Amino acid sequence: QPDASVRTVDALVVGAGFAGLYALHVLRGQGLDVHVVDGASDVGGTWFWNRYPGARCDIESIYYSYSFDADLAREWQWSEKYAGQPEILAYLQHVADRYDLRRDISFDTWVREARYDEGDDRWRVTTQDGAVVSARWLVLAVGLLSSTNLPDIPGRDDFAGPVLHTGRWPHEPVDLSGRRVGVIGTGSSGIQAIPRIAEQAEHLTVFQRTANFSLPALNGAPDPDGVRRLIEDHAAVRDQVRRSSYGILLEPPTRGALEVAEEERLATYEERWREGTLTGILQAYNDLVRNQEANDTAADFVRSKIAEMVDDPQVAEDLMPRGYAYGTKRPCLDTGYFQTYNRDDVELVNLRRTPIERITERGVRTSAGEHELDVLVFATGYDAMTGPLLGIDPIGREGQRLGERWAEGPSSYLGIAVAGFPNMFTITGPGSPSALSNAVVSIEQHVEWLARLLAHATETGLTVIEADCVAEKEWTQHVQNVGDATLYPQTDSWYMGANIPGKPRVFLPYIGGVGHYRALCEALADDGYSGFATA
Ligand code: NA7
């Protein structure tokens, strides 16, 4: 006798960001009964939570948006090349309304437990309010940068003023005028927020542990040619993007940095610097992420630019990234970041020279003394890729938790499925190319591929789909091998899990290229989903 208090659906999707919304749209469209839960009070995922000043995407908005409907692309006009968070959130709200998605979403609903029931091959998901959903398919569309990292610095809870994290910024505007603000962290979030906070605050102190490479975004109106091509030739442009290496339009480099004369190389870097894109310099030559000596030429160029932009030579020196290869920490795009340090009311604290000793009631104490603050901002990033999944910590076959299964590091087949966790699918999971790509392009690929798999299951009456252990092991090894051919694993970055104390050091994303990955996934599907055990 079915339990009336349990809601039964075909697919439960966790997350209502870019991934979850699209999963709902596509799976519902093919006749499945789909429900979505999200802990937020509205759609948006990353773009719901990241409301810090200066938050914006750094992939061109005309490409950092859905491609599945040419009409949607024609109707929505981005106001900027790189849209700010409010506009991206408005876009996702528009998508939710346009495709009537909200009726199948429960907001303010966190997942408390997800357990696979081997008796009926269904997932039993309990939400925070105690409600239970039984789903054949569990789709974890929880994002790759949604589990915030609030480092355990001694005294963190002693601070008397507001403590904010960029990834959980309050919804009501935060008035920083007349306030002494401290920012810990200089990744993408810090680099976007710092110039904007400096404009508002009475005084800003930036606590920098590792200096970062950043290029000017040169934001402005969207590229008119790009917009026109996207309207006139939508299918062809999108196809080019989908088959590309990073999910963006890019002429792949054909030469190595060390194959050309220094003069030519510098001229190329100079030209790319003025392009205002994330990949401009990094994709100028084909050996920059593989060869340290080649990489040094690009890193030296960016350092020389920092020296030009920053007045105080010591501050400039402190802002110059050293000790890791350019691009192996996520590079940044900024608007006036380095110039911000020329302001009299902005101070840079180099934590390599004067480490934080503790947070006090009044501010942050380093080995050089106390910095008094009214507001403390953590721009300290995320437990990337695995954090959001382990936050749910699904329970698979024989009661095994995902956390136990991944104790030595994540292992996944295609970044989508995990052996021992049948009928569970991770969108943008570890081992997928999402983190090293235009995430929206990767998300659409994962969702469409999963939709095809579930259509196949419906047609053939499958009730169990599970990654095969051997296929999973081989894929995980392949992800590592491809990563090992680059400079990435040598750097302490969130790609390596190195930003979270105790997290196993594993190269999380697949760097074989979005187009290559897509072709591979398509071939596996054509081949009857090899690597999956089904019943
Ligand atoms: P990131 O890129 O992980 O940056 C976090 C920053 O916070 C980085 O500068 C860290 O320094 C710093 N950090 C982290 N923990 C500490 C402690 N304990 N003390 C001092 N400084 C610390 O996160 P973001 O939010 O900026 O960006 C995440 C992604 O979002 C980004 O890559 C884009 O893909 C979009 P570290 O380098 O670890 O020394």
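This report looks at the ligand site and the salt bridges of a predicted model.

## About the model

Because the structure is predicted, local features need pLDDT of at least 70 and side-chain atom pairs count only at pLDDT 80 or more, while totals for chains, interfaces and linings use all residues. Residues are numbered from 1 along each chain as its sequence is written, and side-chain values use heavy atoms, with hydrogens and water left out.

## Around the ligand

Let's start at the ligand.

From Ser-188, a backbone N or O atom is 2.9 Å away from a ligand oxygen.

## Salt bridges

Now for the charged pairs. The count comes to 39 salt bridges (a side-chain nitrogen of Lys or Arg within 4 Å of a carboxyl oxygen of Asp or Glu). One of them joins Arg-98 and Asp-69, with N to O at 3.5 Å. Arg-98 sits in helix H4, and Asp-69 in the loop between helix H2 and helix H3.

Another salt bridge pairs Arg-180 with Glu-372 at 3.4 Å. Arg-180 lies in strand E8 and Glu-372 in strand E15, so the pair ties together parts 192 residues apart in sequence. Arg-353 and Asp-318 also form a salt bridge, their closest N and O atoms being 2.8 Å apart.

Definitions and conventions
A polar contact is a pair of N or O atoms within 3.5 Å; within protein, one must be able to donate a hydrogen and the other to accept it, and residues adjacent in sequence count only if both atoms are side-chain atoms. Helices (H or I, at least four residues) and strands (E, at least two) are DSSP runs, numbered from the N terminus.
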